[in-house]
Amino acid sequence: MACLCLLGAVLCMVAVGCGLANADRVESELEDLANGTNVSSTSSSSSMVIPKVTIEPSSMTPTEDPDANMTPMEKDIRFLEEQEIPIPEKEVDFAGLQENTNKDIYAWIYVPDTQVDYPVLQHPTDNTHYLNYNIDGSKGYPGCIYTEDYNAKDFTDSNTVLYGHNMKNGTAFGSLHKFEDASFFEDTRYIYVYTEDRLLVYEIFAAYEFSNAHLLLGYDTKSEWGFSKYLEEVQEVRGMKCNRIEEIFPDEQDHIITLSTCVKGNSSKRYLVQGVLLNEMELDEEVSSEE
């Protein structure tokens, strides 16, 4: 019996060791992918470069729309420059990521001064898949940063929710807990989301512990009335780890992003960091008519 117990203990230790080794390998791969998006560390001509937009004088008549020939990305960049919002020097090759890494990658999220610099995935059939599986298909931690199919991939929903594990070493969404510090919250203002044709910038307005209620199924955020009621509940949150900026608090007309992760030792709570979209989304006719 003692031998069997010893063997079981050894097997458990081996399994844990293998799990940790796999997590380290996956985190290293994700770090390499993030480094590959930094303009200063890559010279790839095939990547989608986030351009610097300069509006040149033209001979167009006053009735012509100066934005008519600009791409959505160029419009985003110009708006951000006009607002003097810092633009990270990053480039994301989505075609390469989808072909060589994982076909479910559809966006990239970056939060300065944290370890959040990751691809965003959405599984076509299983909303919990990337909670348990890594970007390379292996099972276990750290998993992926992902959204569920309750959210569209174009970030036009009132509330787009991204999930990630609260890893002890700060990877995945573990470093979001830095926003519990009021000074860090005040100094770190923006969340950047890259898609194939846009750069979306969100200004962080709140970071706090919340219930583990499903934010997309437990609240009616599809209607303006329901979204307004949800925002009212957020405004009522209090606590030592709650930070909020009332001056930029969103209303029912806005689009927000929610980064959600676990709270250590309390499975009934989630830690949320939320930002309001600064650059306007161009909704297509079908979406606009639904609102």
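A cavity is a set of points, on a 1 Å grid over the protein atoms alone, where a 1.4 Å probe fits but cannot get out, and its lining residues have an atom within 4 Å of a point. The structure described here is a predicted model, in which local features need pLDDT of at least 70 and side-chain atom pairs count only at pLDDT 80 or more, while totals for chains, interfaces and linings use all residues. Residues are numbered from 1 along each chain as its sequence is written, and side-chain values use heavy atoms, with hydrogens and water left out.

**Overall architecture**

The protein has 7 helices and 9 strands; these are DSSP runs numbered from the N terminus, with helices (H or I) of at least four residues and strands (E) of at least two. Of its 291 residues, 46% are buried, that is, under 20% relative accessible area with a 1.4 Å probe and protein chains only.

**The largest cavity**

A search of the whole structure finds 1 cavity of 30 Å³ or more. The space in the largest cavity is about 80 Å³, where a volume is the space filled by probe spheres set on the grid points, joined across faces, edges and corners. Its lining consists of Glu-27, Leu-30, Tyr-118, Pro-119, Leu-121, Ile-135, Pro-142, Gly-143, Cys-144, Ile-145, Thr-171 and Ala-172. Helix 1 (2-35) and strand 2 (117-121) are the elements that give two or more residues to this lining, and strand 2 provides the largest share, with 3 residues. The table gives the lining by class, in which Ala, Val, Leu, Ile, Met, Phe, Trp, Tyr, Cys and Pro count as nonpolar, Asp, Glu, Lys and Arg as charged, and the others, Gly among them, as polar.

| Class | Lining of the largest cavity |
|---|---|
| Nonpolar | 9 residues |
| Polar | 2 residues |
| Charged | 1 residue |

Thr-261 belongs to strand 8 (residues 256-263) and is buried, with a relative accessible area of 2%. Its side chain reaches the backbone oxygen of Gly-164 at 2.8 Å. Beyond neighbours within four places in sequence, the contacts of Thr-261 include His-165, Phe-173 and Tyr-271, contact being heavy atoms within 4.5 Å.

In helix 2 (residues 72-82), the buried residues are Met-73, Asp-76, Ile-77, Arg-78 and Leu-80. Strand 6 (199-211) is included in what covers them. Just after helix 2, Glu-84 takes a positive phi of about 60°.

Technical notes. Buried means under 20% relative accessible area, exposed over 50%, partly exposed in between (1.4 Å probe, protein chains only). A polar contact is a pair of N or O atoms within 3.5 Å; within protein, one must be able to donate a hydrogen and the other to accept it, and residues adjacent in sequence count only if both atoms are side-chain atoms. On a 1 Å grid over the protein atoms alone, a cavity is a set of points where a 1.4 Å probe fits but cannot get out, and a pocket is an open set with protein on both sides within 12 Å along at least five of seven lines; lining residues have an atom within 4 Å of a point.
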